[in-house]
Amino acid sequence: LGIVIPTFLWLDRFESEPNRLLVGAFLWGALVAAVLSALLNTTAMSLIEAMSTADPDAALTTTAVLVAPFVEEAAKGVLILLVWWFLHHEFDGITDGMVYAGICAAGFAFTENILYFSSMWQEAGVGGFVAQYFIRGIALPLLHPMCVSLTGIGMGIGARRGGWGSALGGFAIGLIPAMGLHALWNVGSSLVQE
């Protein structure tokens, strides 16, 4: 949070978004998107395990690569769409899309990191916690903001062109590479862990 939020507030410095919307974006990411993603990812992993005779690690990898990127990016991206839909006057273009996306992603990563850190603490003790903290908190704190910012950029381009069709098209055009980048990251992570 100490890196991500200041980065997006710096980006937002020329035409600042209302604090209430930034707090709302953070809470959407931390609560709505994170909880919805956890529920859907866990359900999908259970279904994959039930349909497969492969080991549970294979179900985890399949979920991480084929389910989580799509669920998580959509759950975060919906916030950007909702801000544009209900508050046109607070969504002027690409920068606004990136700011709302980045703050939402910071909230999402906050909740997800707590889950990962506590899980690693229980499974591997202090060493596992420190390793997970280094990976998620130091080495890659911008992964979630980077991915969902692509959705924000697409939405910002579409919103500038005007009309529902352009905005929805921009949303889809941004969401697809966001999902792809997230999936690519998860493929790389699963290869490193093997």
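**Entry 1: Thr63 and the ground rules**

I began at Thr63, which, leaving aside its neighbours within four places in sequence, is in contact with Asn41, Ala44, Met45, Ile48, Ala68 and Pro69, where contact means heavy atoms within 4.5 Å. The model is predicted, so I note that local features need pLDDT of at least 70 and side-chain atom pairs count only at pLDDT 80 or more, while totals for chains, interfaces and linings use all residues. Residues are numbered from 1 along each chain as its sequence is written, and side-chain values use heavy atoms, with hydrogens and water left out.

Thr63 has its place in helix 3 (residues 56-66); helices here are DSSP runs of H or I with at least four residues, strands are runs of E with at least two, and both are numbered from the N terminus. At 5% relative accessibility I record Thr63 as buried, a label that means under 20% relative accessible area, with exposed over 50% and partly exposed in between (1.4 Å probe, protein chains only). Between Thr63 and Ser46, which are 17 residues apart in sequence, the C-alpha to C-alpha distance is 9.4 Å.

**Entry 2: the chain as a whole**

I then counted secondary structure and found 7 helices and 0 strands in the protein chain. Of its 194 residues, 42% are buried. Taking contacts between residues at least 6 apart in sequence, I noted that 76% join residues at least 24 apart.

**Entry 3: aromatic pairs**

Rings of Phe, Tyr and Trp (the six-membered ring for Trp) pair if their centres lie within 6.5 Å, with planes under 30 degrees apart called stacked, over 60 edge-to-face and the rest tilted. By this rule I have 5 aromatic pairs. Trp84 and Trp164 make an edge-to-face pair, because their ring centres are 4.8 Å apart and their planes stand at 85 degrees. This pair links distant parts of the chain, since Trp84 belongs to helix 4 (residues 68-86) and Trp164 to helix 7 (residues 164-193), 80 residues apart. Trp84 is buried at a relative accessible area of 6%, whereas Trp164 is partly exposed at 41%.

I next looked up Phe91 and Tyr100, an aromatic pair that is stacked, with 6.2 Å centre to centre and 15 degrees between the planes. Phe91 is buried, with a relative accessible area of 4%, and Tyr100 counts as buried at 0%. Ring pairs also link Trp84, Trp85, Phe86 and Trp164 into a cluster.

**Entry 4: charges over rings**

For this search, a charge sits over a ring if NZ of Lys or CZ of Arg is within 6 Å of the ring centre and within 35 degrees of the ring normal. I found Arg13 over the face of Trp10, at 3.9 Å from the ring centre, and the charged end of Lys76 over the ring of Phe108, 4.9 Å from its centre.

**Entry 5: nonpolar cores**

A nonpolar core is a set of buried Ala, Val, Leu, Ile, Met, Phe, Trp, Tyr and Cys residues joined through side-chain atoms within 4.5 Å. The largest one has 27 residues, and those with the most contacts inside it are Leu79, Ile80, Trp84, Phe91, Tyr100, Ile103 and Met155. Helix 5 (94-139) is among the helices that each supply at least two residues of this core, and helix 5 gives the most, with 7 residues. Another core, of 5 residues, lies apart from that one and includes Ala44, Ile48, Val67 and Val71.

I followed Met155, found in helix 6 and buried with a relative accessible area of 0%. Not counting residues up to four places away in sequence, Met155 touches Ile80, Leu81, Trp84, Phe91, Ala167, Gly170 and Phe171. The C-alpha atoms of Met155 and Ala167, 12 residues apart along the chain, are separated by 5.7 Å.

**Entry 6: helix 4 against helix 6**

The axes of helix 4 and helix 6 come within 10 Å and cross at roughly 35 degrees; axes are lines fitted to C-alpha atoms, for helices over the stretch in contact, and angles run from 0 to 180 degrees between N-to-C directions. Among the residues that meet across this pair, I listed Lys76, Ile80 and Trp84 in helix 4, and Val148, Met155 and Ala159 in helix 6.

**Entry 7: Asp92**

Asp92 touches Glu15 and Arg160, not counting residues up to four places away in sequence.
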